[in-house]
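Open your viewer and get your selection tool ready. We will go from one stop to the next, and at each one you will hear what to select and what is there.

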Amino acid sequence: MDTAESVSRGCFAYKGKKKIARAEDYLSDKKHDESMSVRYKVFQKMWEDIDAEIQMLRSDLNSKVFEDLLQFICKNHRETQRAGSVKEVPTAALMTGVNTPDHAIMFSNLASILKERVTSLVATLRAKDCSSVKALLTKLLHQLLSLNELKPRVEKGQRLLFPLFAARVEEHHENSTAQEENQSTEMETSPRGEDASVEDHGQSPRKSPKKKRRASPGDSPVIAVILEDTENFPPNVLQDFVVTCSNYLDRLPIVLVFGIATSVTTVHRLLPTAVSSLLCMEKFQAPPSTHYFSLLIDKILMTNKFPFKLGPRVFQLLLDMFLCHDFSVINFTMAFQFCLLDHYTTNPLAHLCCPRDMIHRMVKNLSAQEVEQMHRLPSVMRHIEQLPGKDLADILESEDCFKKLIQTLLEENFTCQYRSNTILRVLHTLTAHLPTHPLGKQLREQYVTSLEDDITETEGFRRAFDLLAMTAGDEFVSLVTQCLNLVQDSDDNKMEEFSSALQVFLYRLEHLDEEKQEEKKEPAVEKDDLKLQRTDLRSLQKRLQEMGKKKKKLTPYEKVRGELLYFFKENVRRYVCPAKAVVLYEILSYDDDSTVRHHLNAAPRSAIHLALSNPAHYLHCDCCNVEGGSISPSMPDVCIAYKLHLESGQLINLYDWLQAFVSIVTVEEQENKKKGSKPDKLLQARFIQAVSELQFLGFIKPTKRKTDHVARLTWGGC
Amino acid sequence: MESMEGKGTTDQQPVCHCWGHDSALVNYLRQQIRCRDPQIDLLLSLFGERTHLTPASIFLYGHTATGKTYMVSMILSTLQLPAVSVNCVECYSSRFLFEYILNNLPGRDDAAVSVTCDNMNDFVRLLKQGVSSQNLQDQTLYIVLDRAERLREMDINILPALLRMQELTGLNICTLFLSEIVWEKFQYGTAFCDPVVVYMPDYTQEELMQIMLLDCPSSQSEDLYRNYVSLFLSVFYRVCRDLRELRHMALLNFPKYTEPVEKGEASEKDMRKLWRNIEPHLKKALQTVYLREVSSAQWEEMQRSQVSEDEAGPATATPFPPVDQSRFPPGTRAPAANTLPLHVTGRLLLEAGVPRLITGAAPTIGNIAPGGTPALATLPGATHPRTPGVPHAHATTPHAIPADDAVRSEELVGPCLSASLLSGKLDKYRLPGTFCPSLRLSIPVELPYYSKYLLVAAYLASYNPVVSDKRFFCKNAGKISRRSKLIKKHERASNHLLGPKPFPMDRLLAIFYSIIEDKIAPSACIFSQITSLVSLHLLGQTCADSQIDMPRYKCLVSLDFIRSVARTIGFDVMKYLYDFI
């Protein structure tokens, strides 16, 4: 020990630089430094592509409702003025659906579109900023006045009142900028006040509102105020705000946009009739998030644009999270991004999962070690084994040959995906309308099934085809036509074959009489049998049974239908294969559902339970590693107390608990000592601390029902 | 109060009705402000001539839309009396009130430096200064405070001080308070100086008509509009006397009234025909009073679609024909669902009074059709993109139920009908406010799967007594003896009448886990769903935010709502409700 090290030790806090997490920091100290950064680059590229695609989808999806909204906002002011008699604030009630996490982005899009195309005066308000009228107006005016032209005055004009604002806006649109400057200089010279300490009462020169000079609302741009989550606004604030707006309607062309997650009745809950009669509402329905979600799956996951695929388990997990928990597409996208990221970080060969134009480069740059790894992939091994002998030898010997194989495999993957997705869509068209939905009502359900297992082997598939074999003629024709439409404009040769075959079938279905001519051989034989005259029930029954046994004669339609169904089945079998059957699936798909669950679906209660009942799981120590419910003295105190409390009922006697605690902690010394001696102070203190920790964690609480007892708040034993 | 200190300039003139104002102006005022002659006279006499000393304060009160603000502002502006008027709603702090008045004194230059003031003392001082600088000393200055009831929430000294402004400033100032509530409700504290109270009575039906005639569109003859308004008032006067709302509704429905005239089907004189044409629409409009859920444009569109549908479907004169329960006995599967076109099914349901019972039913039926359920996809009615036959639902409910949860229609018809069985029982619990007019059938909000269960669990926790939990949710809870059942029958005042009770989160989760079939981990997602239900106001938090260890909630949705939610998850909520067993 070096005593001269320090005389006094202190802890000095100093502010470091704000650290920004950079990807490089995480990548550098890995073993496969180079490969990691390559993978990271590929990841970035992939995510950029996917993200761009998602953005496009979103804007397409919302374009309709936004378009309507814009129109409403533009025209409405003129119209209400025309109606004249009653002053109503034009209000758009935008029904957004319950997926609240997605709303922020939607409203910011809306605001930017409004700014771009209708008016520069757009304010977005959130309930959390608007706990009082003052806060609301402050927020509103800050947003509205932070325009460039009005800026110099905003900084000074902290006192915000509606009339002031009205005057400002009016003035702004009447006056030229020159006058503007003039005024602002004039402002600066005006006296400053003394009570600047209070922010709101900060001294400021104020223009008196110009009441007499009224700008006709036609020439000034509309002021759009968006209330993102109307439900959460305090009713009195909203009421006052609406009243104020309607008071100034003749001077300020205000349009309100209420974002409503549930239903329009919310407005009536918030506003009394006197106030709601000041509004003129029109309802706009944003497309439901489930719709967006289906679109996302259809356009992003079920395409061949991106080689990366989610495995069945992860896909199902994400699906469940969406449908059962929040309906939030944003969360789904983030989860998808997480999967992508995790795939590229954990899989050393993931950089091969790259856009088509990068494949060649990636494969060329494969190192010897990586090639070795590739060889060991089960799917590659399986694939190589079934190659003809000569090729096999080549591939095993030459690295180049192997690389070439990998490259072709990767490239083929795109077409395979394309085919399988197309066939799945065809299958979905065929089966979606069937009663009881044997293959699921949505395409995504079918997709999961197809990923998991060979879809042709499933019970649902069989039932679906049984049902299809009973479809009526015209319905079937329309189905086939729909299918044909799906595949018609494909440029893949296999799909062209498929579609031409379908066309032939369709032709046959439509011209059944031509079919008939081939087989007019023995229809007359049974005809007379049917002419039954008087028979008793017995013989009728017999006859019917016999008839049932005889194979029913197929009509030409049934024949064609049967052939066609067989054709469909064969195609599904050929093109649609489960995720694991794809060669290189280890590289192309991600199916680590436990990691995803661990990261995205946090379970705080079970984590606490695990930590307390099995501390070794987190502490990584050997001493606490015990079997089942047993308690070892080496565990942390709180764990011991927790495990003991699991054994008790609703009320726990503190003294008994202490005794049990002491007996466990001092298990070694107990042999020597006598029982019943008073536990030592230190042990008591440790126990009390453990108990209060448990109380803090919410497992127990003090009770007055019995002295020296605590009540247990959880149920169930160990 | 009315001590007339004769000032030098006044001399008693005989024209007592005009008080020194131009009589043409006064007549103009009477013309403009209809049906308020006594009040105008009263006010003018209180105001006196420009230089007369007026009462220190006048308090005007009357219901919404009785012309308080309009009358006062018209008088002041027409006679060009010096006045400042403030709407107290905007002045959320007294400072704004003071400054607004000071900065808006009549005659004040717009460009002048704004005055700041944050207490009554300064206000009085600055007001004196302002008045003298504007040379207003020899006239009465009027300060109009609209929505004066808000003043009660401000500092305690404001109202008394404003009442005696004349005394405090020693100037000729009259403060006018406009409010919807009576003066007695303003009196608290001390130092009150009673104002002159003027009551604005409600308009009578004739007066309303007289005023509403002013709205007559220029393109139409006044006789036609007069007839229309009298018809209109005969329907609406019973439910609504708010002039503003009446004017709005009248204008909204007028085009409908003139439609036959424009089409040439009826003449303007043919009142009977016109009445028959407009009556159903007015009755329907009756249910939308005050709602403003549709703008005029949307309303017109709705009416248009209504017309086209009426032409398409079997014509029925009234929107709600008498309820005919015997058409198909409740409980049996309706033959209609399988054999009739969908719009007929919808109509039958409507006729059976179902939408009045279950608010969610009609839109559900309406929305299934485009999604295409197997049974109905082939029916002729179902191919219409917009299903006719659910007359009141479609225009207001574009909210589509995603195909995942669209219930098959046969299943749907069943519960609908059985609901009519329950109706007697349910009506007992229906609070006046929960009745949904058919125009705005409350749409079941589309919720995530577990949220639905959480909401149902919350409803059960809110409306069932704690002691009954064991019986509903434990596997082998003992049967309840007949006697205790009887006792309960009596004491059961119904939890539904008493309203939702708060419950702790633990109980919610315990019920949630016992009603949900599949095993799920108590993940953070579940907890965050509770919060998001709170933010959607489907649940309400009854304790402060700071109490995090045992938050308590209340379920805020109605029985109808929870039934429609429970139906989508195939959960029979009625079986678990203590009130209905």
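Start by selecting residues 654-665 of chain A, which form helix α32. Helix α32(A) lies across strands β8 and β10 of chain A and runs at about 60 degrees to β8(A). Helices (H or I, at least four residues) and strands (E, at least two) are DSSP runs, numbered from the N terminus. Angles run from 0 to 180 degrees between N-to-C directions, and the axes are lines fitted to C-alpha atoms, for helices over the stretch in contact. Two residues are in contact if their C-beta atoms, placed from the backbone, lie within 7 Å.

A word on what you are viewing: this is a predicted model, in which local features need pLDDT of at least 70 and side-chain atom pairs count only at pLDDT 80 or more, while totals for chains, interfaces and linings use all residues. Residues are numbered from 1 along each chain as its sequence is written, and chains are lettered from A and ligands numbered from 1 in the order in which they are written.

**The sheet beside the helix**

Now show the strands of chain A in the order β8-β10-β9: they make an open sheet of three strands with antiparallel pairing. Two strands pair if DSSP finds at least two bridges between them. β8 (651-653) and β9 (700-702) of chain A stand at the edges with a single partner strand each, so one side of each has no neighbour in the sheet. On average, neighbouring strands here are turned by 35 degrees against each other, direction ignored. Next, pick β10 (residues 709-712) of chain A, which is joined to β9(A) by three bridges. Which residue of β10(A) is the bridge partner of Ile700(A)? Select Arg712(A) to see that partner.

**A helix with a buried face**

Move to helix α20 (residues 459-468) of chain A and colour Phe461(A), Ala464(A) and Phe465(A), its buried residues. A residue is buried if 20 or more other C-beta atoms lie within 10 Å of its own, exposed if 12 or fewer, and partly exposed in between, with C-beta atoms placed from the backbone. Look down the axis of α20(A): the buried residues fall within an arc of 95 degrees, so they line one face of the helix. That arc is taken from the directions from the helix axis to the C-beta atoms. On the other side of α20(A), find Glu459(A) and Asp466(A), which are exposed.

**Over to chain B**

Chain B has 25 helices and eight strands. Select its helix α19, where Tyr449(B) lies. Is Tyr449(B) buried or partly exposed? Tyr449(B) has 18 C-beta neighbours inside 10 Å, so it counts as partly exposed. Leaving aside neighbours within four places in sequence, Tyr449(B) is in contact with Leu323(A) and Cys324(A). Then try Val456(B), which touches Ile515(B), Ile562(B), Val565(B), Ala566(B), Phe571(B) and Val573(B), not counting residues up to four places away in sequence.

**Where to be careful**

Finally, colour chain B by pLDDT, the predictor's confidence in each residue, from 0 to 100. The mean pLDDT of chain B is 71, and 67% of its residues reach 70 or more. Select residues 311-442 of chain B, where the pLDDT is below 50. Where pLDDT is low, the predicted coordinates should not be read in detail.
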